[in-house]
Amino acid sequence: ASDRLALPAAVRRALRFVPAAVLSALIWPAVLVSDGSLHAGPDNLRLIAAVVAAVVAWRTRNVLYTIVAGMGTLWALTAGFGL
């Protein structure tokens with residue numbers, strides 16, 4: 001007897017998207033919500049840093065570069081704008 005559960009191919013394909021969905025559900029509220037309200041304007045420094053990190057992730061597919069780019073951008077913008 002096998003200890004593994006046989007899942008249909010469609011379920012296995014759908015499960016591939018679960019990590020990205022969970023990560024998005026954790027990250028986007030932290031980026032877009034400030035003081036209980038939606039903050040998606042160009043003055044949202046976290047949004048700018050998240051976009052930079054997303055572009056780096058897309059181009060390099062490297063987790064370390066993505067983290068460094070996102071955090072470096074956020075720190076630089078925070079220091080530059082004195083917030």
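Colleague: Starting with α3, what should its 16 residues span at 1.5 Å a residue, and how far apart are its end C-alpha atoms?

Modeller: This is a predicted model, and in it the 16 residues of α3 should span 22 Å at 1.5 Å a residue, which agrees with the 22 Å that separates the end C-alpha atoms.

Colleague: Which residues of α3 are buried, and what do they pack against?

Modeller: The buried residues in α3 are L45, L47, A49, A50, A53 and V56, and the buried residues of this helix pack against both α2 and α4.

Colleague: What happens at the start of α3?

Modeller: There, a side-chain oxygen of N44 reaches to within 3.1 Å of the backbone nitrogen of R46. N44 itself has its place in the loop between β2 and α3.

Colleague: Is N44 buried or exposed?

Modeller: N44 counts as buried because its relative accessibility is 6%, and the cut-off for that class is under 20%. If neighbours within four places in sequence are left aside, N44 is in contact with V31, L32 and H39.

Colleague: And just after α3, what does the backbone do?

Modeller: Just after α3, R61 takes a positive phi of about 55°, and R61 is a residue other than glycine. Most residues other than glycine have a negative phi. R61 lies in the loop between α3 and α4 and is exposed, with a relative accessible area of 72%.

Colleague: What about D35, what is its phi, and where is it found?

Modeller: Phi of D35 is near 55°, again a positive value in a residue other than glycine, and D35 is found in the loop between β1, residues 33-34, and β2, residues 37-38. With a relative accessible area of 80%, D35 is exposed.

Colleague: On to α4, then. How many residues does it have, and how far does it reach?

Modeller: α4 has 19 residues and reaches 27 Å from its first C-alpha to its last, which is close to the 27 Å expected at 1.5 Å a residue. At its start, a side-chain oxygen of N62 reaches to within 2.9 Å of the backbone nitrogen of L64.

Colleague: Which of its residues are buried, and where do they sit around the axis?

Modeller: The buried residues of α4 are T66, A69, G70, T73, L74 and L77. They cover an arc of only 120° around the axis, so they are on the same side of α4. The buried residues of α4 pack against α3, which runs over residues 45-60.

Colleague: What is exposed on the other side?

Modeller: On the other side of α4, the exposed residues are L64, V68, W75, A76 and A79.

Colleague: Why does T73 count as buried, and what is it in contact with?

Modeller: T73, which is found in helix α4 at residues 63-81, counts as buried because its relative accessibility is 18%, and the class takes in values under 20%. Leaving aside neighbours within four places in sequence, T73 is in contact with A49, V52 and V68.

Colleague: Changing topic to pockets: how much space lies in the largest pocket?

Modeller: About 540 Å³ of space lies in the largest pocket. Of the 18 residues that line that pocket, the closest to its centre are I27, A50, A53, A54 and T66.

Colleague: Which helix gives the most to the lining?

Modeller: α2 gives the most to the lining of the largest pocket, with seven residues, while α2, α3 and α4 each supply at least two residues of that lining.

Colleague: Last one, how far apart are D3 and A54 in space?

Modeller: D3 and A54 are 38 Å apart in space, C-alpha to C-alpha, and 51 residues apart in sequence. D3 is found in the segment before α1, residues 9-15, and counts as exposed at 83% relative accessibility.

Conventions:
Residues numbered from 1 in each chain as written. Predicted model: local features only at pLDDT ≥ 70, side-chain atom pairs only at ≥ 80, totals over all residues. Heavy atoms only, no water. Helix = DSSP H or I, 4+ residues; strand = E, 2+ residues; numbered from the N terminus. Buried < 20%, exposed > 50% of the residue type's maximum accessible area, 1.4 Å probe, protein only. Contact = heavy atoms within 4.5 Å. Expected span 1.5 Å × (residues − 1). Arc of directions from axis to C-beta. Polar contact = N/O pair within 3.5 Å; in protein donor to acceptor, adjacent residues only side chain to side chain. 1 Å grid on protein atoms, 1.4 Å probe; cavity = no way out; pocket = protein on both sides within 12 Å on 5 of 7 lines; lining within 4 Å. Points joined across faces, edges and corners; volume = space filled by probe spheres on them.
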